[in-house]
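Have a look at the picture before reading on.

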Amino acid sequence: MRVSNIISVAALGASGVFSQTTGQLGDAPVTTGNPVGKIAVATLPEQAFWKGSLDGNVKGSVTAKAGPGGRGVDYSVSFSNLPKEGGTFIYHVHVAPVPSDGNCTSTLAHLDQTVRGEDPACDSTKPETCQQGDLSGKYGHINSTTSFSTTFHDDYTSLVEGNGAYFGNRSLVFHFANKTRISCANFTVIEANGTSPYPTGTGSVIKTSPTPTASTTSIPVTNAAFALNIAKNLAIAPVVAFFLAML
């Protein structure tokens, strides 16, 4: 077999792996069973984490509740006193809570159950292929220097404890366009009966399973689609090895 043909076959297979924009474990699954009446709210603090020139911290919050019939989550987003430069601004759900010292760096990476990573950038027309925590990537960056508000429905985050997409024990981080962290806040969970069953201050850790970890942590394969995706990604390795052996 000619070397050029071997290279062509190998390149074709590799392109199927490296051009994909979904996670290593496939697309994010749709969440169901989200409890009606349960609310999660993250409100930015008075003091910004970023120590540059700001006219006070960004103000605002993200409020989330169960979607219709318990499918997905409905979000209400409102920010004001935005920086005069450094946009467009972005915001995400990060895997770890804000510690007591308010260090936004300690919130680690975005919620990313399918191990997608940040690059390439999220395709907003295919939100199931994006990181679950990349809210602005899926539903719009903030192109304003005054105020911003929006509402949207997301099928891929969860208010069910024990679900890997659960964010009631995680945090919200607000960034400049270059990903510098301006401010951050923990989500506070309010149950349907109006009570908050967990500590609600900065740095509070809400117990759930699995424990929040960085997005590179291995996550169990939970369905056949995820397993198939992994198989596709690994299948090219022995093919390339076989052709190279023929040289």
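## Ground rules

This is a predicted model, where local features need pLDDT of at least 70, side-chain atom pairs count only at pLDDT 80 or more, and totals for chains, interfaces and linings use all residues. Residues are numbered from 1 along each chain as its sequence is written, and side-chain values use heavy atoms, leaving out hydrogens and water.

Strands here are DSSP runs of E with at least two residues, and helices are runs of H or I with at least four, both numbered from the N terminus. Buried means under 20% relative accessible area, exposed over 50% and partly exposed in between, using a 1.4 Å probe and protein chains only. Ser171, Val173 and His175 point one way, while Leu172 and Phe174 point the other way.

Strands pair if DSSP finds at least two bridges between them. β6 runs antiparallel to β4 (residues 90–94), with five bridges, and His94 sits opposite Ser171. β6 also pairs with β7 (residues 181–190), again antiparallel over five bridges; there, Asn186 is the bridge partner of Ser171.

## The disulfides

How many disulfides turn up in the whole structure? There are two, counting cysteine sulfur atoms within 2.5 Å as a pair.

Cys104 and Cys184 have their sulfurs 2.1 Å apart. Cys104 lies in the loop between β4 and α2 (135–139) and Cys184 in β7, so this link ties together parts that are 80 residues apart in sequence. The link is left-handed, with -90 degrees about the S-S bond. The link of Cys122 and Cys130 is right-handed, at 75 degrees, and both of those cysteines are buried.
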